[in-house]
Amino acid sequence: MATMTAISSCAATSCAYNKGGCSAEAVTIGGDGASCGTFVELDVRGGLPVAEGHVGACQRLECAHNKDLLCTAEAITVGGDTARCLSYTAG
Ligand code: SF4
């Protein structure tokens with residue numbers, strides 16, 4: 001893969017990596033419900049200084065965008081109470 005999948009928006013504003021969007025360099029999307037495995041609520045904010053997060057790995061094998069446990073979509077959006085990948089597409 002030439003470039004990692006960008007996270008174009010993330011609505012999980014309570015996440016410690018959310019700075020108007022995802023600022024984790026690379027997140028892991030989990031296999032069960034495509035929830036973001038990097039989501040965490042802490043008393044501090046961390047990550048990159050800007051919201052330029054990417055998908056480092058994705059365990060949602062049955063998604064049409066999944067290849068070799070990586071995401072091949074150009075960009076995804078994350079949202080919902082459980083920070084789910086909203087770009088999941090049944091394969
Ligand atoms: S679009 Fe599919 S492969 Fe990409 S992160 Fe979301 S669930 Fe995983």
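Me: Which residue forms a salt bridge with K67, and how far apart are the closest N and O atoms?

Reply: Good place to start, and keep in mind that this is a predicted model. The general idea is that side chains of opposite charge can pair when their charged atoms come close. Here the partner of K67 is D68, with 3.6 Å between the closest N and O atoms.

Me: Are D68 and K67 buried or exposed?

Reply: The cut-off for exposed is over 50% relative accessible area. D68 has 63% and K67 has 53%, so both count as exposed by that cut-off.

Me: How many salt bridges does the rule give in total?

Reply: The count is 2. Besides the D68 pair with K67, there is a salt bridge between the side chains of R60 and E62, at 2.2 Å from N to O. R60 is buried, its relative accessible area being 14%, while E62 is partly exposed at 40%.

Me: Which residues surround the ligand?

Reply: R60 turns up again here, among I29, C58, C63, H65, N66, C71, I76, C85, S87 and Y88. Sorted by class, this shell holds 7 nonpolar, 3 polar and 1 charged residues.

Me: Which residues does the "domain: DUF1540" annotation cover?

Reply: According to the unreviewed UniProt entry, the annotation spans residues 10-39 and 58-81. Such annotations may be inferred rather than shown by experiment.

Me: What helix and strand content do residues 10-39 and 58-81 have?

Reply: Residues 10-39 are 0% helix and 13% strand, and their end C-alpha atoms lie 11 Å apart. For residues 58-81, the figures are 0% helix and 42% strand, with 19 Å between the end C-alpha atoms.

Key
Residues numbered from 1 in each chain as written. Predicted model: local features only at pLDDT ≥ 70, side-chain atom pairs only at ≥ 80, totals over all residues. Heavy atoms only, no water. Near = heavy atom within 4 Å. Nonpolar A, V, L, I, M, F, W, Y, C, P; charged D, E, K, R; others polar. Helix = DSSP H or I, 4+ residues; strand = E, 2+ residues; numbered from the N terminus. Salt bridge = Lys/Arg side-chain N within 4 Å of Asp/Glu carboxyl O. Buried < 20%, exposed > 50% of the residue type's maximum accessible area, 1.4 Å probe, protein only.
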